[in-house]
Amino acid sequence: MTLSRRQFLKLTASGVGATSLGALGFAPGRALADVRNFKLASATQTRNTCPYCSVGCGIIMYGLGDRSKNARLRLVHIEGDPDHPVNRGTLCPKGASLLDFVNSPDRLKFPEYRAPGTSQWQRVTWDWALDRIARLLKEDRDKNFTVRNAAGLPVNRWTTVGMLAASAASNEVGYLTHKIFRAMGMTAIDNQARV
Amino acid sequence: MTNHWTDIKNANVIVVMGGNPAEAHPCGFKWVTEAKAHNKARLIVIDPRFTRTAAVADQYVPIRPGTDIAFLGGVINYLVSNDAIQHAYVRAYTNAPFIVRQDYAFDDGIFSGYDEASRKYDRSSWVYELGPDGYAKVDPTLQDPRCVYQLLKKHYSRYTPEMVSSITGAPKEDFLAACKTIASTATPDRTMTSLYALGWTQHTVGSQNIRAMAVVQLLLGNMGMAGGGVNALRGHSNIQGLTDVGVLSDLLPGYLTMPQEKDKDLDTYLAPRTLKPLRPGQLSYWQNYPKFFVSLQKAWWGDAATKENGFAYEYLPKLDRLYDILTVFELMHQGKVNGYICQGFNPLAAAPNKAKSSEALSKLKFLVVIDPLVTETSNFWRNAGEHNPVDPARIETEVFRLPSSCFAEEDGSLTNSSRWLQWHFKGAEPPGEGKTDLEILGELFDRVRALYAKDGGAFPDPIVRLAWPYVLPRAPSPEEIAREYNGRALADLPDPKDRTKIAVKRGEQLTTFAQLADDGSTAAGCWIYTGSFTDKNNMARRETDDPSGLGLAPGWAWAWPLNRRILYNAASCDPTGKPWDPRRAVVRWNGEKWVGPDVPDFKLDQPPESGMAPFIMNAEGVGRIFALDKMAEGPLPEHYEPFESPIGKNPLHQRPVASTNPAARIFPDDRAALGTADKFPHAATTYRLTEHFHFWTKHARIPAVLQPEQFVEIGEALAREKGIRQGERIKVRSNRGEIIAKALVTKRLRPLTVAGRTVHTVGIPIHWGFEGLTHPGYLANTLTPVVGDANVQTPEFKAFIVTVEKLGVA
Amino acid sequence: MALESLDIRRRSASQTSPPRVRRRAEVAKLIDISRCIGCKACQAACMEWNDVRDDIGALGGSSYDNPIDLTDRSWTVMRFYEEEVGDRGLQWLIVKDGCLHCADPGCLKACPAPGAIVQYSNGIVDFQQDNCIGCGYCQTGCPFDIPRYGVTDGKAYKCTLCSDRVAVGLEPACIKTCPTQALSFGTKEDMIDIANGRVVELRERGFDQAAVYDPQGVSGTHVVYVMPHGDPALYRMPREASISPLVRLWRSSFARSLGVVTMVAVVIAGFFHWMKVGPVDPDAPDAPDARPPREGE
């Protein structure tokens with residue numbers, strides 16, 4: 001414990017002064033003191049799985065509102081699921097701050113389009129974006145699809161458009177992604193297993 | 001993982017090598033803590049860096065990046081020379097007694113059959129000697145000089161402690177101390193677990209790093225045991241699942257493989273994949289390949305897949321080459337790729353050589369990014385100053401950015417490293433107009449299909465006839481998809497024991513892949529997932545009971561295959577069906593059938609004395625010390641230098657071509673972009689920090705607070721040499737680019753003496769970029785080389801070379 | 001006064017006697033340094049639960065320390081020290097810093113604002129920012145240099161041991177999240193038992209000097225440490241923690257009666273000072289010496 005001269009002066013001078021407030025009868029009649037109220041009393045609980053690493057920790061997400069029609073659920077807190085056999089309620093620093101991922105200011109909210117050679121995004125509708133992407137896919141496939149190889153064997157291959165699948169997407173998303181793009185003959189399908 | 005997270009607590013020795021679970025998998029690492037506390041387990045960490053895992057280890061051994069096989073080869077040599085192997089296990093459950101063909105050879109770093117021009121092996125000599133009965137020959141005494149055990153012994157005799165120390169830089173006494181601890185588990189009542197991650201895979205010898213540990217674990221009798229195994233700690237929450245459902249260029253769901261050009265019809269495709277037993281009485285489970293494949297085709301093309309049309313075999317594309325991400329970026333760079341869809345994937349940040357990736361993306365006509373967050377890839381055209389110095393006006397790519405929901409805003413399952421499929425539930429709406437990935441896929445495919453139905457086009461059949469039985473075609477539900485990959489009966493299925501009875505009625509969900517048929521009477525989109533969604537969603541199970549006390553948690557979620565928690569668990573019993581160690585009995589033979597707290601990995605009614613061996617997926621029934629012709633660069637792991645090596649030459653081999661992995665693929669431009677040790681003298685490696693997850697969490701406030709700014713770690717000796725002080729800015733250069741960051745000077749990176757000279761290691765955390773809440777930084781992959789593992793093309797992020805310059809005070 | 005969810009044992013600068021009928025078990029947090037992997041999950045969970053977010057700072061410490069010090073919004077931080085320790089060679093010592101919840105709390109004793117610092121009957125020492133006058137005494141009174149001032153509201157903040165969670169029967173957020181059981185929570189009695197058990201285990205592993213840190217100079221703490229290498233100085237904790245004698249002096253009855261006399265003088269002197277110099281700028285930053293140096297303490 002070290003005390004600088006300045007601290008000493010500060011403590012003794014005003015310290016003695018403040019100490020005397022009580023003696024002079026300035027003590028408030030009731031100094032309110034209580035813990036902060038528990039903030040999750042009626043929050044909606046939902047079970048989920050942490051989307052980061054492969055431990056697959058169980059989490060409980062606490063949402064504002066009771067799922068009634070007029071309340072828009074927004075998550076206010078996330079913590080570990082104590083029943084989960086692996087994490088048993090614990091979470092790492094990333095898992096413990098999942099709320100800040102869900103509510104990140106960098107979440108995308110609308111479909112956007114960047115035209116060739118420009119340097120900004122413009123907001124577009126889902127229909128416009130998906131119609132255009134569907135057409136681009138079909139045009140490229142129709143133009144570059146290989147029905148047969150040089151030896152005349154059917155190969156049904158489309159190599160000029162590729163797909164990278166999400167490592168945090170669900171099995172259902174991964175499966176449907178695979179089904180759709182293989183059906184189109186796509187060969188350049190990959191996921192994040194390598195990187 | 002062959003085992004599972006909680007099982008780590010059953011280990012006596014934990015070897016962490018090629019991973020850093022305390023930082024990358026903290027909540028799984030708790031089971032290491034438990035093993036130490038309740039099992040008096042020893043934790044050994046072998047790593048170029050003194051990590052936060054090393055901080056709580058009993059022993060830390062430093063090694064130079066990219067020398068793991070040299071170290072493990074030394075361990076194998078130690079075990080064999082000191083007779084520290086579990087003999088009964090090795091004789092009965094490994095291919096140690098198998099006789100290898102006479103013309104198999106190994107000389108000066110090159111195995112038999114090498115063709116230097118194509119950099120490929122003719123692997124036909126790397127197989128067993130077959131007897132007149134068609135079965136492999138064996139010598140149970142292990143004395144035949146051509147048996148695997150003798151070949152192994154000879155192969156690793158070169159890996160002496162002195163050689164190991166010279167290559168890896170690990171002090172000899174530290175290496176020997178680690179060997180001693182590892183060898184202590186060669187008894188039936190002690191097990192060792194191996195925990196690894198991308199520290200092993202991201203090398204040109206990545207697959208062989210893992211193989212080397214598999215050999216060690218087979219010699220010690222640790223495979224199939226509780227507290228044993230070779231355990232991959234997968235990097236992402238569902239990379240196991242994405243791999244299981246086969247979303248890789250050369251795979252189909254359930255580890256079925258994509259047809260190649262040479263597989264001209266269904267029979268040609270199936271024959272080499274339908275593996276017949278290589279020893280008498282073996283199960284060789286891949287004999288069932290046609291059932292899995294036909295059921296997949298029925299799930300995808302339904303009524304359009306008939307016996308007559310080879311179950312729509314023609315609809316599948318036939319590969320002329322591998323289309324892994326490195327190849328695709330090479331093709332893109334050559335202008336041969338026009339469109340790219342990135343679904344929750346940020347390749348500009350994640351792929352090697354950022355300059356090349358950036359040029360490649362600029363050559364695309366269109367790029368579609370589906371993501372919950374802003375990513376560097378979606379903004380690759382944006383000039384972000386020094387961190388992304390591009391000119392948007394010169395980039396003609398049109399880019400779409402589609403907002404997707406995140407985990408919290410959707411239902412579905414993720415498969416963790418334990419192979420557990422865990423179902424999760426939606427707890428909020430996505431912000432703004434965000435949609436779930438299934439909706440985006442449904443909307444997009446429905447449009448494509450409508451265009452083909454209306455206008456026709458190139459081979460429309462596989463598209464217009466794709467089974468799409470979803471109630472809302474533009475929004476398939478997660479449950480509908482899960483039911484589909486689980487599979488169902490398309491006709492009444494007879495009971496195999498009494499064919500007059502019906503076991504599964506038409507339309508019912510299947511409960512096991514044993515019900516699958518190759519006649520079109522079943523559909524299942526991913527055979528290893530059969531059982532996950534039966535009459536109920538087993539992935540959503542939440543029973544916490546653990547009757548065995550071994551942490552199996554059999555009622556929690558659902559593990560593939562068949563809710564089995566430990567793979568190869570029949571090997572946890574001796575050849576009479578009795579557990580090697582009664583304290584960790586997971587299965588046993590009760591005289592009539594296999595029983596136990598885990599689901600037996602065996603034919604349930606097959607008596608042990610029948611001679612059927614426990615590695616039922618292998619045609620010979622035993623674990624492979626010798627990998628036959630399955631690996632690109634050889635049947636036994638051999639040390640090859642990283643493609644960028646700080647010592648330039650492999651101390652084990654004279655032939656230049658055997659300095660680095662002779663079978664690894666490298667494109668000409670990428671080879672030209674490799675640096676040499678005279679200009680780039682320091683070993684470098686990239687890695688994660690515990691506070692961040694890849695390039696996501698820099699968008700989340702708290703992780704950004706916990707690690708706000710890019711830095712590079714250098715040892716005190718290197719810092720002294722260069723006059724660099726803590727916190728000063730330094731420039732790190734490779735032959736592909738440079739990054740500027742603050743220096744973190746640490747005792748935890750120490751110089752190693754390698755082949756007589758001093759090698760410093762430079763540590764480069766990956767988490768920064770030109771987007772996010774953290775301070776802007778350089779993408780670490782500006783520095784990394786484009787060359788991958790010879791078998792699976794995982795890029796060599798964990799061993800390359802750089803030079804370091806001091807820039808001065810920040 | 002008896003309606004609080006936790007009974008109050010002591011309240012700063014107050015004479016009123018708290019209710020003493022109900023007995024609640026004393027709680028404690030155990031920090032086992034030998035199990036800590038420095039992942040900072042506790043820091044994350046603390047910010048998340050308490051709805052505070054610290055600034056996105058700069059890399060400044062000598063290792064992975066971020067934020068580099070406690071602040072009004074970082075109530076706990078991990079401190080990383082790379083040390084060569086005898087035969088064991090390099091050790092990366094990782095110490096979770098934050099309030100120790102002293103049984104004899106120097107902050108409370110020093111605090112002149114009635115009810116700004118309270119001690120609950122379960123041992124938690126909590127700051128009540130509504131009553132805080134921002135004077136800085138708690139900092140000087142604290143033997144462990146814990147309280148920090150808010151840059152926006154000038155009030156003192158520190159770890160509450162999640163009194164809001166504990167009040168409803170939950171463990172603190174940091175305890176719950178800790179992946180490796182480096183943190184435990186329960187009654188003080190249980191925590192001391194566990195801590196002693198851990199010391200035995202550590203000695204078996206060759207940590208001959210392993211010890212429990214429960215400094216008696218402040219009558220023990222409600223946050224106790226297991227220190228594998230024993231010596232608190234290695235972990236930058238005081239070997240002999242105690243409240244400054246000055247704090248004891250000025251909170252005595254002698255000081256109080258002396259105070260009445262001096263107060264009059266202070267008011268007069270203050271008046272003349274104000275006439276001469278003008279009002280004090282409340283936004284002026286405090287002197288940089290407000291906090292004693294940590295390194296080499």
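Mentor: Happy to! Let's begin where α4(A) passes α16(B) in a right-handed crossing. A crossing is called right-handed if the near helix is turned clockwise from the far one by less than a right angle, and left-handed if anticlockwise. Before we go on, this is a predicted model, in which local features need pLDDT of at least 70 and side-chain atom pairs count only at pLDDT 80 or more, while totals for chains, interfaces and linings use all residues. Residues are numbered from 1 along each chain as its sequence is written, with chains lettered from A and ligands numbered from 1 in the order in which they are written.

Back to our pair. The helices (H or I, at least four residues) and strands (E, at least two) are DSSP runs, numbered from the N terminus.

Which residues meet here? From α4(A) come L130(A), D131(A), I133(A), A134(A), L137(A) and K138(A), and they face E443(B), L444(B), R447(B), V448(B), L451(B) and Y452(B) of α16(B). Contact means that the C-beta atoms of two residues, placed from the backbone, lie within 7 Å. By class, the contact of α4(A) with α16(B) has 8 nonpolar residues, 4 charged ones and no polar ones. Here Ala, Val, Leu, Ile, Met, Phe, Trp, Tyr, Cys and Pro count as nonpolar, Asp, Glu, Lys and Arg as charged, and the others, Gly among them, as polar.

Now widen the view to the whole meeting of these two chains. Chain B brings 138 residues into contact with 103 residues of chain A. Our helix α16(B) gives the most to chain B's side, with 10 residues. That side of chain B divides into 77 nonpolar, 38 polar and 23 charged residues.

Chain B also touches chain C, in a contact that takes 29 residues from chain C and 31 from chain B. On chain C's side, α1 (41–50) and β4 (90–98) are the elements giving two or more residues, and α1(C) gives the most, with 5.

As for chain B itself, you will find 21 helices and 31 strands in it. Its C-alpha trace spans about 85 × 70 × 55 Å along the principal axes.

For a comparison, look at a helix pair inside chain B. The axes of α3 (residues 68–81) and α9 (residues 206–220) of chain B come within 9 Å and cross at roughly 15°, which makes α3(B) roughly parallel to α9(B). This crossing is left-handed, and among the residues making the contact are L72(B) and I76(B) of α3(B) with A212(B) and V216(B) of α9(B). By class, the contact of α3(B) with α9(B) has 10 nonpolar, 3 polar and 1 charged residues.

Note on methods. Axes fitted to C-alpha atoms, helices over the stretch in contact; angles between N-to-C directions. Parallel < 35°, antiparallel > 145°, perpendicular 65-115°, else oblique.
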